[in-house]
Amino acid sequence: MDAISAMETSTLVYETDVSRAVRALGAALKVSPEMEAFQAAIQSVNADDAAQDMLRQIRTLQTTLYWGQGNPADHSALHELQAGLEARPSIQAYYRAEQAARELFQAVDAIVSETAGVDFAANAKRSCCGG
Amino acid sequence: MKPSDELEQAAQALGQSLRANEYVQAYLQALARVQADPEANSLEERFSKLYDDLLARQRAGEQLSQAEVDEFYAVRSQEQSQPLIAERDFALSQLKSNLAQVALDLSNNLGVDYTALARPA
């Protein structure tokens, strides 16, 4: 253990502090009304068989059109399905809940970033190339 | 939207622990060194102006001359190899990698993608 350098010790302490803070923030976010409503909305969409069927059809049509194998009727069918999906109450509730969760997360992230001295979420996104 | 007191305290605690992080400290110090250096500042300003100007003209449909393209790459190379700027950019890439791991831990804890929800649309 005495082989652990001062830098490594500092990193271990830091990781413990950050890990603890991450768990505490995660726990506080989970029980927020916005997050509970968002999770409930996700479950409602998952339990909406008609919406799930529409989503499957949309994905199939999108794949067909992506590979250039579709025809004008497929485009129309896709637009109709998308409109039908967006009109479903479960999907509309999902969008509302997602927007409320987004506003909460952005407010929380502003506090984290201001305290840290660097933008947290803006710098935390993994790029496709490891940057 | 104003988060609850509990959320605000938890967010501040994470911010404080991140601020004490060696990667954040290294980046902030490297950033301060760039900001305090006239040569680095001047190079960054020159590159930024050149980039904005060429991009605007290209978007407007103008054909850029080879000399202008060459100048762009020359200034970019000069900027990227300036020691203080290179040091800051390296510190930023290290910081991003570290913050991505912290955000991933938070996302795993929550069951939703934290960065996707927290970043402005």
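Asp119(A) lies in the loop between H5 and helix H6 (120-123) of chain A, where helices (H or I, at least four residues) and strands (E, at least two) are DSSP runs numbered from the N terminus. This is a predicted model, in which local features need pLDDT of at least 70 and side-chain atom pairs count only at pLDDT 80 or more, while totals for chains, interfaces and linings use all residues. Residues are numbered from 1 along each chain as its sequence is written, and chains are lettered from A and ligands numbered from 1 in the order in which they are written.

- With 16 C-beta neighbours inside 10 Å, Asp119(A) counts as partly exposed, because a residue is buried if 20 or more other C-beta atoms lie within 10 Å of its own, exposed if 12 or fewer, and partly exposed in between, with C-beta atoms placed from the backbone.
- Asp119(A) and Arg20(A) are 99 residues apart along the chain, and their C-alpha atoms are separated by 20 Å.
- Ser32(A) is placed in the loop between helix H1 (6-30) and helix H2 (33-47) of chain A, and Ser32(A) is partly exposed, with 19 other C-beta atoms within 10 Å.
- Leaving aside neighbours within four places in sequence, Ser32(A) is in contact with Leu104(A), Ser4(B) and Leu7(B), where contact requires that the C-beta atoms of two residues, placed from the backbone, lie within 7 Å.
- Ser32(A) and Leu104(A) are 72 residues apart in sequence, and their C-alpha atoms are 9.1 Å apart in space.

**Chain A overall**

- Chain A has six helices and zero strands, and buried residues make up 21% of its 131 residues.
- Of the contacts in chain A with a separation of 6 or more, 64% are accounted for by residues 24 or more positions apart.

**Helix packing within chain A**

- The axes of helix H3 (residues 49-66) and helix H4 (residues 72-87) of chain A come within 10 Å and cross at roughly 150°, where axes are lines fitted to C-alpha atoms, for helices over the stretch in contact, and angles run from 0 to 180 degrees between N-to-C directions.
- H3(A) and H4(A) are therefore roughly antiparallel to each other, given that angles under 35 degrees count as roughly parallel, over 145 as roughly antiparallel, 65 to 115 as roughly perpendicular and the rest as oblique.
- The crossing of H3(A) and H4(A) is left-handed, a term used if the near helix is turned anticlockwise from the far one by less than a right angle, with right-handed used if clockwise.
- Residues that make this contact include Met54(A), Ile58(A) and Leu61(A) of H3(A), along with Leu78(A), Leu81(A) and Leu85(A) of H4(A).
- By class, the contact of H3(A) with H4(A) has ten nonpolar, six polar and one charged residues, where Ala, Val, Leu, Ile, Met, Phe, Trp, Tyr, Cys and Pro count as nonpolar, Asp, Glu, Lys and Arg as charged, and the others, Gly among them, as polar.
- H2(A) and H5(A) pack at an angle of about 150°, with their axes 8 Å apart, which makes H2(A) roughly antiparallel to H5(A).
- The crossing of H2(A) and H5(A) is left-handed, and the residues in contact include Phe38(A), Ala41(A) and Val45(A) of H2(A) and Tyr94(A), Ala97(A) and Leu104(A) of H5(A).
- The contact of H2(A) with H5(A) has 13 nonpolar, two polar and two charged residues.

**Chain B overall**

- The secondary structure of chain B comes to six helices and zero strands, and buried residues make up 29% of its 121 residues.
- Chain B has a radius of gyration of 20 Å, whereas a compact globule of 121 residues would have one near 14 Å; the radius is taken over C-alpha atoms, and the globule rule is 2.2 Å times the number of residues to the power 0.38.
- Along the principal axes, the C-alpha atoms of chain B fill a box of roughly 55 × 35 × 25 Å.

**Contact between the chains**

- The contact takes 40 residues from chain B and 40 residues from chain A.
- On the side of chain B that touches chain A, H1(B) gives the most, with 13 residues, and the residues of that side divide into 23 nonpolar, nine polar and eight charged.
- The axes of helix H5 (residues 89-116) of chain A and H1(B) come within 7 Å and cross at roughly 35°, and their crossing is right-handed.
- Among the residues that meet there are Val108(A), Ile111(A) and Val112(A) in H5(A) and Leu7(B), Ala11(B) and Leu14(B) in H1(B).
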